[in-house]
Amino acid sequence: MEVTPNHTQTVTGWAAMDESGKITPFVFKRRENGVDDVTIKVQYCGMCHTDLHFIHNDWGITMYPVVPGHEITGVVTKVGTNVAGFKVGDRVGVGCIAASCLDCEHCRRSEENYCDKVALTYNGIFWDGSVTYGGYSSMLVAHKRFVVRVPDTLPLDAAAPLLCAGITVYSPMKQHGMLQAAGSRLGVVGLGGLGHVAVKFGKAFGLNVTVISTSPAKEREARESLKADNFVVSTDQKQMQAMTRSLDYIIDTVAATHSLGPILELLKVNGKLVLVGAPEKPVELPSFPLIFGKRTVSGSMTGGMKETQEMMDVCGEHNITCDIELVSTDRINEALARLARNDVRYRFVISVGGDSKL
Ligand code: NAP
Ligand code: ZN
């Protein structure tokens, strides 16, 4: 492992060392707290399906050892002399971004997520050339631009997944006008970490929400606990046909390769589908449902920093948190195995240094 000169702080973390995907304790160095930096004692870190993709090198871009984790909440323990917005003791969060150029048209609009020099919170290359390590670790040093405040009303454990799952669905919902379209009909494909937050945002903003799922066992809680208006089993052709041309928008959060054809048929003419799920192989996109319904397919990647803070504040106002299963650090592998087989309601959160409720 290459050592960068000012990386002097020893940190305990959990890393995958190779494609076997096994997570083991890993001690590494982080940079000293710079003038623009905030040091955070990590309390909780959500386990995103993206962590699984990186751990197993699904996308062919993993730099081992990889310390995953980009749904991080904790408490500030140190701030640099140029930091005005945060103080020691503040409850904060860090999501998917560690750095961006801060100067391009996207950074100036606080769309740092679309900066072509963006460095992700883990498996990214930071300004000093070091590889970034994520939130499966006891402590984090983050540039102030990429830290958000967590409203006092939100618990740090159930708020952690908002830093990725939350903003990843909030951003396209806002950009495509869904949050200003009460009464419109939204479909959410895949009821996992991202999907269950999309349902919550949809209901908070007055949309009529249909869950489109491969798991009939999720129907009851989708309706009763998440307040979904409708539930369709995507492998049941009759149920799918009954929904033809019924939805204004669809958010597709599925982590596995699948065909968009049957899903597109559910959209009304001019309907919009946003892909946020990132399967390792291309999804099948037949042209007929696009052409005959004048439908649009687009993508979206997490969100910018201003929007992430806004999303956190909206969650504070509407009391939106994630449905989580808290796991201790010695059960990370078990949780990853369950996440891989779609056995989680709806997000694992690692209790890294938080109060133990385990
Ligand atoms: P997750 O919790 O595992 O949820 C994914 C859901 O997809 C599952 O709950 C399941 O829902 C459905 N699913 C799983 N296997 C399926 C299959 N073979 N066919 C059809 N549906 C299947 O994952 P997540 O953390 O929400 O992440 C979802 C995807 O989004 C991942 O690929 C992740 O990398 C990506 N992601 C993208 C961004 C971005 O910026 N665009 C950000 C974060 C994550 P049902 O049981 O209801 O079918
Ligand atoms: Zn994520």
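## A tour of rings and a zinc site

Start by selecting F26, F28 and Y133: ring pairs link these residues into a cluster. Keep in mind as you look around that this is a predicted model.

F26 and F28 form a stacked aromatic pair, with 5.6 Å from centre to centre and 15° between the planes. Buried or exposed, what are F26 and F28? Both F26 and F28 are buried.

Next, select F126 and W127. Their ring centres lie 5.0 Å apart and the planes meet at 45°, so this pair is tilted. F126 has a relative accessible area of 10%, so F126 is buried, because buried means under 20%. W127, at 45% relative accessibility, counts as partly exposed.

For the last stop, select the zinc ion (ligand 2). Which residues coordinate the zinc ion? Look for C48 through its SG atom, H70 through NE2 and C164 through SG, at 2.0 to 2.2 Å. Along the chain, these donors follow the spacing C-x21-H-x93-C.

Finally, check how accessible the cysteines are. C48 counts as buried at 3% relative accessibility, and C164 is buried with a relative accessible area of 4%.

Terms used: Residues are numbered from 1 along each chain as its sequence is written. Chains are lettered from A and ligands numbered from 1 in the order in which they are written. This is a predicted model: local features need pLDDT of at least 70, side-chain atom pairs count only at pLDDT 80 or more; totals for chains, interfaces and linings use all residues. Side-chain values use heavy atoms; hydrogens and water are left out. Donors are N, O and S atoms within 2.8 Å of the metal (3.2 Å for Na, K and Ca); water is not among the atoms, so sites may look incomplete. Buried means under 20% relative accessible area, exposed over 50%, partly exposed in between (1.4 Å probe, protein chains only). Rings of Phe, Tyr and Trp (its six-membered ring) pair if their centres lie within 6.5 Å; planes under 30 degrees apart count as stacked, over 60 as edge-to-face and the rest as tilted.
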